[in-house]
Amino acid sequence: MQSNEKLTLEEIQNFQGRYPKQLWYLFFSEMWERFCFYGMRGMLTFFMVNQLFMTEKDANLQYGATQAFVYAFTFIGGLFADKILGFRKSLFWGGVLMIIGSCILAADPQKFFFLGISFTIIGTGFFKPNISTMVGTLYKDGDVRRDAGFSLFYSGINIGALIGGYVCVAVGKAYSWNLAFGLAAIVMVISLVTFVFTQKSLGPIGLSPLLPKPIDDAPTGNDTIFTAQGAQKGLAPAKARGYEIAVYILSLALIPVIMTMVAKTEYTDWFMYIIGPCALLYIFYEMMKYSVVERRKLVAALVFIVFSILFWAFFEQSGGSLSLFAANNLDNKLLGAITLDPNGVNNAANSLFVIIFAPIAGLVWLWMARRKAEPNTVVKFGMGFIFLSLAFFVFYATVFFANAAGVTSLDIFTLAYLVITFGELCLSPIGLSIMTKLSPKPLQGVMMGMWFLASAYGQYVAGLLGAGISEASENATAAQKLIAYTDGYKQLAIYALITGVILIVISPIVRKLMHEVK
């Protein structure tokens with residue numbers, strides 16, 4: 001058996017059992033990075049209202065802008081990884097930037113809020129899409145275990161989100177915001193160390209595309225044979241290193257630009273108006289290099305991307321309007337006996353349910369696949385919207401369990417997150433998997449970035465929707481806020497239901513575009 005350094009891609013993909021061992025290494029690295037990310041995400045809106053003294057409307061807009069930039073930069077990170085850095089170096093650089101950002105916030109979150117957030121935005125852009133792409137590379141085309149692998153990986157994301165989402169905001173509210181942001185820095189160090197000490201098991205996966213690659217059957221001795229692959233064009237190591245350094249310098253130079261654009265949400269508007277069309281033009285340009293069948297698959301991928309924007313626009317109320325709803329309108333008793341922070345529950349409930357049900361969902365898909373009864377991916381997307389609609393009807397139903405002061409049941413609120421979880425499990429891990437299935441290998445990083453860019457637009461629209469909901473309740477009583485927020489959730493439920501039906505209706509057309517991909 002060959003050592004980890006000499007593992008070939010074929011040996012990695014020919015693993016026995018349900019999951020490759022490399023998936024577990026990436027699982028733990030991603031888990032701790034998601035603690036950092038979701039810990040800070042869960043604090044943002046509450047922190048801005050209570051510590052930076054923003055209005056609820058402005059906090060929602062700011063949340064949407066910040067999250068939009070986070071996900072928009074995953075497209076840029078995927079592009080640089082595909083063309084210059086490779087997935088491994090991109091991931092490492094992103095982790096370093098996230099650690100720096102968390103440390104800055106830990107030093108003085110009120111004074112250095114936008115500086116620390118800017119480092120985190122760019123760091124996440126380099127880290128997030130590339131670790132997901134490496135998971136996809138562990139599987140051969142057509143491997144029915146791929147969806148189950150992504151479901152397991154997604155549960156790892158949610159273990160980190162569960163712990164970070166609850167602990168960080170609880171520590172910040174009860175003890176110190178400095179300590180809360182400091183925890184995010186500590187766990188990000190753990191994530192990076194985990195990856196550094198296990199990356200050798202990845203064999204050739206994630207190496208820089210610019211460097212020459214030895215041919216496996218090259219003769220021994222000093223006569224090593226090299227070949228160009230993809231975009232590498234046989235660059236010498238020194239020149240390739242120069243490109244890498246240029247990427248590092250450029251990303252640091254962008255820090256003050258991001259600070260300005262995140263602080264002024266009107267700049268975010270212009271950014272979102274520009275980057276989406278530019279990204280589409282780039283994808284259309286790249287599509288011209290491929291066959292008709294591959295182009296059709298990429299068109300199908302773009303259909304999924306467009307619908308995912310709508311999904312995340314509704315789903316990401318969790319970090320914006322639902323965060324303020326939890327702070328203003330929820331009691332702190334779960335099942336009548338357990339005392340919990342409502343904001344912590346808002347941040348963590350979905351993650352807990354994903355941890356419980358994601359492995360089960362993966363096994364269900366496998367069981368159905370063996371019996372040729374598994375719903376196709378388009379129908380799964382439609383099912384995701386149906387569950388999302390039901391969840392927002394439950395959020396709306398909390399109005400019927402409120403007391404005269406406008407405080408309602410944490411139990412019903414948590415039940416809505418149980419329902420929303422089933423929708424997420426239909427869409428998100430399957431969505432990550434379908435991007436790698438439908439994309440040619442040279443474009444996988446970029447298409448994964450496009451998937452997260454769609455999330456950026458979803459976050460952006462989520463901020464706009466949350467601002468619209470909260471604007472009507474600004475300076476209102478808790479009872480008035482309850483009515484305004486729940487009425488907004490009822491409207492979102494209706495829109496999600498309509499979208500799900502449309503997606504299921506057009507599923508035969510999209511399936512034809514996907515060809516053999518299921």
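Modeller: W312 counts as buried, because its relative accessibility is 6%, and buried means under 20% relative accessible area, with exposed over 50% and partly exposed in between (1.4 Å probe, protein chains only). This is a predicted model, in which local features need pLDDT of at least 70 and side-chain atom pairs count only at pLDDT 80 or more, while totals for chains, interfaces and linings use all residues. Residues are numbered from 1 along each chain as its sequence is written, and side-chain values use heavy atoms, with hydrogens and water left out.

F311 is also buried, because its relative accessibility is 0%. A search of the whole structure gives 34 aromatic pairs, and F311 with W312 is one of them: the ring centres are 5.0 Å apart and the planes stand at 85 degrees, an edge-to-face arrangement. Rings of Phe, Tyr and Trp (its six-membered ring) pair if their centres lie within 6.5 Å; planes under 30 degrees apart count as stacked, over 60 as edge-to-face and the rest as tilted.

F325 and F413 make a stacked pair, because their planes are at 25 degrees, with the centres 6.0 Å apart. This pair links distant parts of the chain, since F325 belongs to helix α11 (residues 321-329) and F413 to helix α14 (residues 410-438), 88 residues apart. Helices (H or I, at least four residues) and strands (E, at least two) are DSSP runs, numbered from the N terminus. Both F325 and F413 are buried. They also belong to one aromatic cluster, whose other members are F392, F395, Y417, Y485 and Y489.

Another aromatic ring has a lysine over it: K173 lies over the face of F46, 4.7 Å from the ring centre. Such a charge needs NZ of Lys or CZ of Arg within 6 Å of the centre and within 35 degrees of the ring normal.

On the surface, a nonpolar patch is formed by F393, I494, Y495, L497, I498, V501, I502 and V505, which together have about 690 Å² of accessible area. Helix α16 (residues 478-505) supplies the largest share of this patch, seven residues. V501 is in helix α16, and V501 is partly exposed because its relative accessible area is 43%.

F53 is not a glycine, yet its phi is positive, about 60 degrees. L335, also a residue other than glycine, has a positive phi near 60 degrees. Most residues other than glycine have a negative phi. F53 is placed in the loop between α2 (21-50) and α3 (56-107), and L335 in the loop between β3 (333-334) and β4 (338-339). F53 counts as exposed because its relative accessibility is 67%; L335 counts as exposed because its relative accessibility is 68%.

Next comes a residue inside a helix. T124 belongs to helix α4 (residues 113-137) and is buried, because its relative accessible area is 2%. A polar atom of the T124 side chain lies 2.8 Å from the backbone oxygen of T120.

K512 is exposed because its relative accessible area is 67%. From K512 to R296 the distance is 8.6 Å, C-alpha to C-alpha, although 216 residues separate them in sequence.

Notes. Patches are made of residues with over 30% relative accessible area and no salt bridge: like charges are joined within 9 Å, nonpolar side chains (Val, Leu, Ile, Met, Phe, Trp, Tyr) within 5 Å. Accessible areas come from the Shrake-Rupley method with a 1.4 Å probe; for residues, only the protein chains shown count as cover. A salt bridge is a side-chain nitrogen of Lys or Arg within 4 Å of a carboxyl oxygen of Asp or Glu. A polar contact is a pair of N or O atoms within 3.5 Å; within protein, one must be able to donate a hydrogen and the other to accept it, and residues adjacent in sequence count only if both atoms are side-chain atoms.
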